[in-house]
Amino acid sequence: MSDRLSVFKTYKLFVGGKFPRSESGRVYEVTDSKGNWLANAPLSSRKDARDAVVAARKAVGGWSGATAYNRGQVLYRVAEMLEGRRDQFVAEVAEAEGLTKAKAVAQVDAAIDRWVWYAGWTDKIGQITGGTNPVAGPFFNVSSTEPTGVVAVLAPQESSFLGLVSVIAPAIATGNTVVVVASEKAPLPALSLGEVLATSDVPGGVVNVLSGRTAEIAPSLAAHQDVNAIDLAGADAGLAKELEIAAADNLKRVLRPQAVDWAAAPGTDRMTAFLETRTVWHPTGSLGAGGSSY
Amino acid sequence: MPTTVPAHGNDAAGRLKELADATASDSALRRFLHGLPGVDAVGLEARAASLGTRSIKTTAKAYAIDLAISMIDLTTLEGADTPGKVRALAAKAANPDPTDRTTPRTAAVCVYPDMVATAKAVLAGTDVKVASVATAFPAGRAALPVKLADTRDAIEAGADEIDMVIDRGAFLAGRYMDVLEEIRAVKAECGDKARLKVIFETGELSTYDNIRRASWIGMLAGADFIKTSTGKVAVNATPANTLLMLEAVRDFRALTGVQVGVKPAGGIRTTKDAIKFLVLVNETVGEDWLDNTWFRFGASSLLNDLLMQRQKLSTGRYSGPDYVTVD
């Protein structure tokens, strides 16, 4: 029989590769599905959101400029680190969502597999979204895709880990940086994911995790002039409409909330949602106005 | 005020005479400078840090932002400066936020002497001053005639203000009189055509006591402004060394009735930092210095942050670097 004192974990935000408390100093109680207290999570303020956007913006150059191959390696490393902390995430997901151990294991395994899947896509997405275009003139016409920039992500409220990974991984796989607002009821797996990201070669600021009231943090992200896109996965219908109106101000890309089975194969939609297409016209040198001279 | 009180602070009339004596000879000056009270480094830093914790919000913040913008010496001091860059910077100083004409102008632009004419041409008809660094900036390692020629060039090109560097080598070697006389010579060159700012490069002076001594040398020699740094070394303006210089100008005015301005320069990049400095000014020397005649910020990227904060206050939305110019 051990007489050790229990060591409670202080959950903190993950912003710019560091683990700050909320600037406001506030926390809120996180409970399991039966209402038992689990931990206190930081209750982020608008200023935390602003700081996270600054960190994300700073990271855009390095992350979008990294080679796709390198990004794939880093994402794969995330999967490796998660594998090592599998038991912790199984326990957190089971408590947060009220799942049996077997079901929680299935969720975490699926989430790890999803990192691997998206890691493989980093250097392939360009082939399916870009290419040469047929044009009626003496030009080579080539389209290629580029990341949108800073993406604010409202993580799904119900699926605290698989859903979370399913919205973060596609956004960063293509070179965006993200500010994630974790599930309001079940933020602990998201905050723990920050600890994994901090130890898996993901540059600071590429992923920033905030916990708190979605309805409090999201409006300032939606209206923020330096956020390029917003994923409304975790917003209910009323909030989503309000956020979409705020986001229109600087023509943010908006991904509307939709019913998603997080366990199903995701497809490429969440990657292509946050890509911009650049098209280049290059003269072929041919004198003919149409067709090829070869 | 819970700040350092100099030993010679009370009996101003008697002390004035002593001041004239202070610069009479090398040894008298040394005696005077070494007779200044020592700086309580821990107390100074604690005081500067505690003044940095004030929460300035809403209308007070809006006022502080506009005041800070109006106090900026918008600076570009790079070897790579082109006439085009200087023109762009001058245009920005005259009209910092083209989307909001209520934005105040900056106090001045600060450039190298050869760029003065370029800046002056853009700023003709505005009240934005042109400041020029001179005297072999930033090292100051040149002979006096070269430094004076440098100063003369800048003034002839139309500079309204001259930012000179002191000879840190002479200062650190203890040749205070050389430093004083050099400042006097440059001051004479400026005459009534240009205000003189004296840069101490506090990051190279090693101790707070040295910063206090340098401040007094500058003021005794007739500086219109005392300025912390060139922006070219690792440690630039800090709240503590600026507080120390503010105390020096306060004491100097109390002693002689002469008011001297202060300019922290380098490393001030955010609105939050700028507001901390304004709090220091208000709490140390009071409203008499809260004006761009008496207080300046030497900065470049600070202006963008101030403009973004200003946009946030006027629209309610956080702004971003896409909405200000890239300099």
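Two strands count as paired here if DSSP finds at least two bridges between them. In this predicted model, strand β5 (residues 150-154) and strand β6 (residues 177-181) of chain A meet that criterion, with five bridges in the parallel sense. The unreviewed UniProt entry annotates residues 24-254 of chain A as "domain: Aldehyde dehydrogenase". Over that range the chain is 52% helix and 18% strand, with the end C-alpha atoms 28 Å apart.

**Parallel sheet**
- β5 and β6 of chain A belong to an open sheet of five strands, ordered β7-β6-β5-β8-β9 with parallel pairing.
- Because β7 (207-210) and β9 (253-255) of chain A each have a single partner strand, they stand at the edges, and one side of each has no neighbour in the sheet.
- Neighbouring strands of this sheet are turned against each other by 15° on average, direction ignored.

- Helix α1 (residues 46-65) of chain A lies across β5, β6 and β7 of chain A and runs at about 155° to β6(A).
- Helix α7 (residues 188-198) of chain A also packs on the sheet, where it touches β6 and β7 of chain A. The direction of α7 makes about 155° with that of β7(A).

**Antiparallel hairpin**
- Strand β1 (residues 27-31) and strand β2 (residues 37-42) of chain A pair in the antiparallel sense over five bridges.
- One of the residues in this pairing is A:V30, whose bridge partner in β2(A) is A:A39.
- Five residues lie between β1(A) and β2(A) in the hairpin, and A:G35 in the turn has a positive phi of about 95°.

Note on methods. Residues numbered from 1 in each chain as written. Chains lettered and ligands numbered in written order. Predicted model: local features only at pLDDT ≥ 70, side-chain atom pairs only at ≥ 80, totals over all residues. UniProt positions renumbered as here; feature names shortened; annotations may be inferred. Helix = DSSP H or I, 4+ residues; strand = E, 2+ residues; numbered from the N terminus. Axes fitted to C-alpha atoms, helices over the stretch in contact; angles between N-to-C directions. Contact = placed C-beta atoms within 7 Å.
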